[in-house]
Amino acid sequence: MDKVLPVARSELILGGQKSGKSRRAEVLAQSWLAQSGSHRAVMIATGQAWDDEMTQRIARHQADRAQRVPGMITVEEPLHLAQAIQRHSTPDTLIVVDCLTLWLTNWLMPMHANATDSEQTLSIETGQLLQSISSAPGPLVLVGNEIGLGVIPLGREVRVFVDALGLLNQQVAAACARVTLMAAGLPLTLKDVS
């Protein structure tokens with residue numbers, strides 16, 4: 001195990017691609033499992049394999065995670081995240097959600113002509129997610145991307161997605177006890193009320 005990290009009631013881990021977000025979540029799961037033989041860890045994976053590269057990426061992540069955190073089981077849930085959290089969360093179970101960005105992608109992409117229905121459904125699902133964060137009986141670690149730090153993207157669909165992710169990150173950050181920003185594998189604590 002790397003090092004023991006204190007586990008918060010709920011933590012949002014944000015960062016760019018390959019910033020160390022998932023690795024931090026794994027170290028938190030390792031710390032949780034090491035605290036007691038009765039502790040469990042569950043990964044709720046939201047990614048879907050839409051092409052060969054993503055299929056290979058998912059397989060690589062699964063193999064790496066099984067080696068680094070052998071006690072953590074994986075549950076796949078691309079859409080109904082709040083229900084999955086409610087189903088698997090117990091006082092002795094740490095839940096890792098990886099990741100909120102892919103969960104949002106599953107709801108919004110591709111942008112359909114009937115975007116209003118998707119936005120309304122997403123609003124309901126987001127409300128349920130926020131409620132599940134506050135009511136989870138065990139610790140919860142949520143991983144997401146921070147993608148709004150660059151220039152304003154070209155294209156309506158991309159701008160809508162970046163805006164939606166920024167709003168989702170703000171809402172989840174407000175609901176979590178701890179918020180960590182990862183950069184180059186280094187954590188920066190943005191909020192800690194745990």
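This report walks through a predicted model of a protein chain, from its overall build to a few single residues.

## The overall build

Let's start with the big picture. The protein chain contains six helices and seven strands. If you follow the chain from the N terminus, its elements come in the order β-α-β-α-β-α-β-α-α-β-α-β-β. The chain is as compact as a globular protein of its length, because its radius of gyration is 16 Å and the globule rule gives 16 Å for 194 residues. Along the principal axes, the C-alpha trace spans about 50 × 35 × 30 Å.

## Inside and outside

How much of the protein chain counts as buried? Of its 194 residues, 42% do. The accessible surface comes to about 9,900 Å², and carbon and sulfur atoms make up 56% of that.

Now for who touches whom.

## One side of helix α3

Helix α3 covers residues 81-88, and its buried residues are L81, A82, A84, I85 and H88. These residues lie on the same side of α3, because they cover an arc of only 165° around the axis.

C99 has another feature to look at. The peptide bond that leads from D98 to C99 is cis, with omega near 10°. You can find C99 in the loop between β4 (93-98) and α4 (100-108).

## Two loop residues with positive phi

Which backbone angle stands out at K18? K18 has a positive phi of about 60°, even though it is not a glycine. K18 sits in the loop that links β1 (10-15) and α1 (21-35), and it counts as exposed, with 65% relative accessibility.

A184 is another residue with a positive phi, about 55°, and it is not a glycine either. Look for A184 in the loop between β6 (178-183) and β7 (186-192). With a relative accessible area of 74%, A184 is exposed.

Methods. Residues numbered from 1 in each chain as written. Predicted model: local features only at pLDDT ≥ 70, side-chain atom pairs only at ≥ 80, totals over all residues. Heavy atoms only, no water. Buried < 20%, exposed > 50% of the residue type's maximum accessible area, 1.4 Å probe, protein only. Helix = DSSP H or I, 4+ residues; strand = E, 2+ residues; numbered from the N terminus. Arc of directions from axis to C-beta. Rg over C-alpha atoms; globule rule 2.2 N^0.38 Å. Areas by Shrake-Rupley, 256 points an atom, 1.4 Å probe, with all protein chains shown as cover.
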